[in-house]
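Here are my notes on the model you sent. Please read them with the structure open.

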Amino acid sequence: GFLQIRVLFFNGLLLKTENVRVMSREYLLNEFAVMQRSFYDFILIDCPPNLGLFVLNALTVADSVMLT
């Protein structure tokens, strides 16, 4: 086979919930990833260098982490 790459852009949804009290908001990205895992061998999530909500969501979804 060949390598197929799809780039999905962050739409800011998680930033809108950063200061809102939403139950299980650290699992918002996980809901999307669970639906997509069967279509991809790898899902790479590039995160900003902080410990905000987006990074916590990515860590919740991740099977492994690479720091550079």
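1. Terms first. Helices (H or I, at least four residues) and strands (E, at least two) are DSSP runs, numbered from the N terminus. By that rule, Cys47 sits in the loop between helix 2 and helix 3. This is a predicted model, in which local features need pLDDT of at least 70 and side-chain atom pairs count only at pLDDT 80 or more, while totals for chains, interfaces and linings use all residues. Residues are numbered from 1 along each chain as its sequence is written, and side-chain values use heavy atoms, with hydrogens and water left out.

2. Overall make-up. The protein has three helices and zero strands. Along the sequence the pattern reads α-α-α. Of the 68 residues in the protein, 19% are buried. Buried means under 20% relative accessible area, exposed over 50%, and partly exposed in between (1.4 Å probe, protein chains only).

3. The salt bridge. How many salt bridges does a search of the whole structure find? It finds one. The term means a side-chain nitrogen of Lys or Arg within 4 Å of a carboxyl oxygen of Asp or Glu. Here the side chains of Arg37 and Asp63 meet, at 3.2 Å from N to O. Arg37 lies in the loop between helix 2 (28–36) and helix 3, and Asp63 in the segment after helix 3, so the pair ties together parts that are 26 residues apart in sequence. Arg37 is partly exposed, with a relative accessible area of 35%. Asp63 is exposed, at 72%.

4. Leu28 lies in helix 2 and is partly exposed, with a relative accessible area of 27%. Its C-alpha atom is separated by 9.2 Å from that of Phe54, 26 residues apart along the chain. Phe32 also lies in helix 2. Phe32 counts as partly exposed, at 36% relative accessibility. Phe32 and Val61 are 29 residues apart in sequence and 9.5 Å apart in space, C-alpha to C-alpha.

5. The loop between helix 2 and helix 3. Tyr40 has its place here. At 22% relative accessibility, Tyr40 counts as partly exposed. Cys47 and Asn57 are ten residues apart in sequence and 9.9 Å apart in space, C-alpha to C-alpha.

6. The second largest pocket. Its volume is about 840 Å³. Of the 23 residues that line this pocket, Leu44, Ile45, Ser64, Val65 and Met66 are the closest to its centre. The lining divides into 16 nonpolar, three polar and four charged residues. Ala, Val, Leu, Ile, Met, Phe, Trp, Tyr, Cys and Pro count as nonpolar, Asp, Glu, Lys and Arg as charged, and the others, Gly among them, as polar. A pocket is an open set of points on a 1 Å grid over the protein atoms alone, where a 1.4 Å probe fits, with protein on both sides within 12 Å along at least five of seven lines; lining residues have an atom within 4 Å of a point. Grid points are joined across faces, edges and corners, and a volume is the space filled by probe spheres set on the points.

7. Val65. This residue lies in the segment after helix 3 (53–61). At 52% relative accessibility, Val65 counts as exposed.
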